[in-house]
Amino acid sequence: MPSIAENLIGLAGKKARSVFRDINDASKIVNDIFYWSCISPLKGKPLRFRASIYEMVKAGYNSVPIIAVISFFIGIILAFQAAYQLKKVGALIYVANLVGVSITRELGPIITAIIVSGRSGSAYAAEIGSMKAAEEVDALISMGINPVRFIVVPKLIALMVMVPALTLFSDLIGITGGFVLSVSVLEIHPYNYFQQTVNALLVKDVLTGLMKAWAFGVIITVVGAYQGFKVTGGAEEVGRRTTAAVVASIFLVIVFDLLFTALFYYFT
Amino acid sequence: METAIEVRNLITHYGDREILKNISFSIPKRKTTVILGGSGCGKSTLLKHLIGLLKPTGGEILINSNDITKINEDEMNGVRKKMGVLFQGAALLNSMTVAGNVALPLREHTKLNASTVNIMVRMKLDLVGLSGFDKFYPSQLSGGMKKRAGLARAIALDPEMLFFDEPSAGLDPVTAAGLDELIVNLRNVFGMTIIAVTHELPSVFTIADYVIMLDKGQVIFAGTLDELKASDNPRIRMFLERKPEQEMYSPEDYFKIIAGE
Ligand SMILES: Nc1ncnc2c1ncn2[C@@H]1O[C@H](COP(=O)(O)OP(=O)(O)OP(=O)(O)O)[C@@H](O)[C@H]1O
Ligand SMILES: [Mg+2]
């Protein structure tokens with residue numbers, strides 16, 4: 001009978017081995033995606049532009065309403081919370097600074113990334129997973145078509161364009177939300193609020209936010225594709241992988257957000 | 001007899017489990033070869049190796065005297081352009097119409113303009129008896145129609161070799177016979193080398209020129225259809241006469257198995 005300690009070590013070893021295998025698989029996917037999106041177009045194998053546009057419409061255009069509503073509400077909430085504190089020190093006008101900076105630097109990108117993870121990241125895992133289960137991926141390979149180039153690269157291009165674009169949109173709507181609350185409930189003069197926002201915001205606030213958004217787009221695609229390609233069984237596994245894709249991409253988005261925020265704090 | 005594919009000492013594993021145990025055979029050119037065998041004996045696995053989807057643990061697979069287990073992905077894609085594959089479930093891309101599916105290899109591998117591609121697609125669809133269905137999505141087709149659409153896609157580039165995994169499985173006898181007739185025509189008219197995995201006996205007797213029989217990961221027979229019919233190997237007779245497998249263990253062993261010892 002192995003002792004509990006032996007069991008634990010054995011379990012840890014098994015876990016570690018599976019983690020290593022995951023890292024290995026993931027790096028292979030990342031490698032492939034990089035090759036087929038950056039290197040092979042240079043070698044004269046064209047990207048699939050029409051498919052990319054189609055993916056942009058699906059991931060970007062269709063999530064405009066939900067992002068608009070959520071960003072607007074977040075803008076209002078943020079203005080309320082800021083006012084709660086700033087009122088006490090009689091600096092209500094600084095609501096504009098707080099709303100503007102925190103939305104462009106942080107909340108715009110993160111809200112967009114979370115919504116896109118939920119909508120597109122999960123859809124990518126499900127789509128690729130069911131293609132894998134139905135031998136469609138094998139069929140592509142047997143036709144001499146690389147599945148990463150065919151399926152993943154258009155999605156990657158779509159999210160690399162659309163997540164920053166949606167973030168910009170979310171910034172705008174979020175700030176509008178703060179503005180609407182401030183001029184109505186907080187009774188700040190619209191012109192003052194506008195001036196205050198323009199003065200508070202630096203170009204780099206917006207730019208760092210957009211850079212983060214671009215990276216989030218890459219993360220969401222890679223995680224969705226990774227989980228999708230890992231499917232070997234049937235429909236039940238597709239469901240499990242889809243959930244895993246959403247959880248993992250939100251987690252990684254937050255981890256990278258922390259990393260970028262720390263970097264920008266020290267280096268800009 | 002010219003050989004199209006030669007397999008030498010092929011060994012394959014899934015994880016630690018050995019599936020194909022050192023098998024060797026050759027497949028003749030411009031003939032229909034049927035790979036026969038009971039469920040789970042490794043037929044689909046063998047087919048996946050022949051089309052380069054899986055890499056074996058050991059052995060060689062020579063296609064036109066090219067060892068596909070040693071070549072890189074680019075060279076393999078060159079070989080694949082001369083192959084057409086019809087998968088067990090047809091494996092049509094669900095996001096595209098039937099016409100889009102058939103056009104896919106043409107768009108990817110040729111520089112033909114759109115109107116020529118359209119004409120080629122209609123020709124192939126007509127050949128498999130699916131004219132008029134080009135705008136349908138795979139989800140709107142029946143099982144038999146999907147198989148035929150998959151076949152149209154497999155022959156889009158006029159391949160030298162055509163692979164089928166269970167072409168008539170899950171089809172009614174009439175539809176299955178129709179598909180068999182198509183396979184026979186493809187060999188007769190276009191001189192394609194056809195490799196089909198199946199365990200439907202009527203289908204075997206219609207399409208096969210040459211038969212390879214697998215059992216538990218080993219080749220137990222390779223020869224012409226007439227030689228197969230004349231064989232007195234008990235495993236083959238059991239298969240051809242559709243006899244159930246003999247009980248292999250004694251009651252005591254059976255007790256042990258169900259008690260999980
Ligand atoms: N992806 C896989 N991972 C692990 N084992 C597998 C996998 N695919 C097949 N096997 C195993 O390999 C063996 C051969 O499977 P294969 O699919 O080649 O059988 P087959 O002869 O095509 O059977 P059928 O006639 O039922 O389609 C089976 O015992 C199966 O359990
Ligand atoms: Mg099979």
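Student: Leaving aside its neighbours within four places in sequence, which residues is S40(A) in contact with?

Tutor: S40(A) touches Y35(A) and K45(A), once neighbours within four places in sequence are set aside. Keep in mind that this is a predicted model.

Student: Where does S40(A) lie, and does S40(A) count as buried or exposed?

Tutor: S40(A) belongs to helix 1 of chain A, which covers residues 4-42. To judge burial, compare the relative accessibility with the cut-off: buried means under 20%. S40(A) has 3% relative accessibility, so it counts as buried.

Student: Now chain B. How should I read the two sides of a strand?

Tutor: The general idea is that in a regular strand the side chains alternate between the two faces of the sheet. Take strand 7 of chain B: M161(B), F163(B) and D165(B) are on one side, while L162(B) and F164(B) are on the other. These residues are all buried, and both faces of the strand are covered.

Student: Why is strand 7 of chain B described as largely enclosed by the rest of the structure?

Tutor: Strand 7 of chain B runs over residues 161-165, and five of its five residues are buried, so the rest of the structure largely encloses it.

Student: Which strands pair with strand 7 of chain B?

Tutor: Take the pairings in turn. Strand 6 of chain B, residues 83-86, pairs with strand 7 of chain B in the parallel sense over four bridges. Within that pairing, L86(B) has F164(B) as its bridge partner. Strand 8 of chain B, residues 193-197, also pairs with strand 7 of chain B in the parallel sense, over five bridges. There, L162(B) stands opposite I194(B). Between strand 7 and strand 8 of chain B the chain passes through helix 6, residues 173-190, in a right-handed β-α-β crossover.

Student: Turning to the ligand, which residues come nearest to ligand 1?

Tutor: Of the 13 residues around ligand 1, the nearest are R17(B), S39(B), K43(B), S44(B) and T45(B). By element, strand 2 (17-28) and helix 1 (43-50) of chain B each give at least two residues to the shell. Helix 1 of chain B has the largest share, three residues.

Student: Which atoms of Y14(B), C41(B) and G42(B) lie by ligand 1?

Tutor: For Y14(B), a polar side-chain atom lies 3.4 Å from a nitrogen atom of ligand 1. For C41(B), a backbone N or O atom lies 3.3 Å from an oxygen atom of ligand 1. For G42(B), a backbone N or O atom lies 3.0 Å from an oxygen atom of ligand 1. On its own, ligand 1 has 630 Å² of accessible area, and the protein covers 63% of that.

Key
Residues are numbered from 1 along each chain as its sequence is written. Chains are lettered from A and ligands numbered from 1 in the order in which they are written. This is a predicted model: local features need pLDDT of at least 70, side-chain atom pairs count only at pLDDT 80 or more; totals for chains, interfaces and linings use all residues. Side-chain values use heavy atoms; hydrogens and water are left out. Buried means under 20% relative accessible area, exposed over 50%, partly exposed in between (1.4 Å probe, protein chains only). Two strands pair if DSSP finds at least two bridges between them. A crossover is right-handed if, with the strands pointing away from the viewer, the path from the first strand over the helix to the second runs clockwise. Contact means heavy atoms within 4.5 Å. A residue is near a molecule or strand if one of its heavy atoms lies within 4 Å of it. A polar contact is a pair of N or O atoms within 3.5 Å; within protein, one must be able to donate a hydrogen and the other to accept it, and residues adjacent in sequence count only if both atoms are side-chain atoms. Accessible areas come from the Shrake-Rupley method with a 1.4 Å probe; for residues, only the protein chains shown count as cover.
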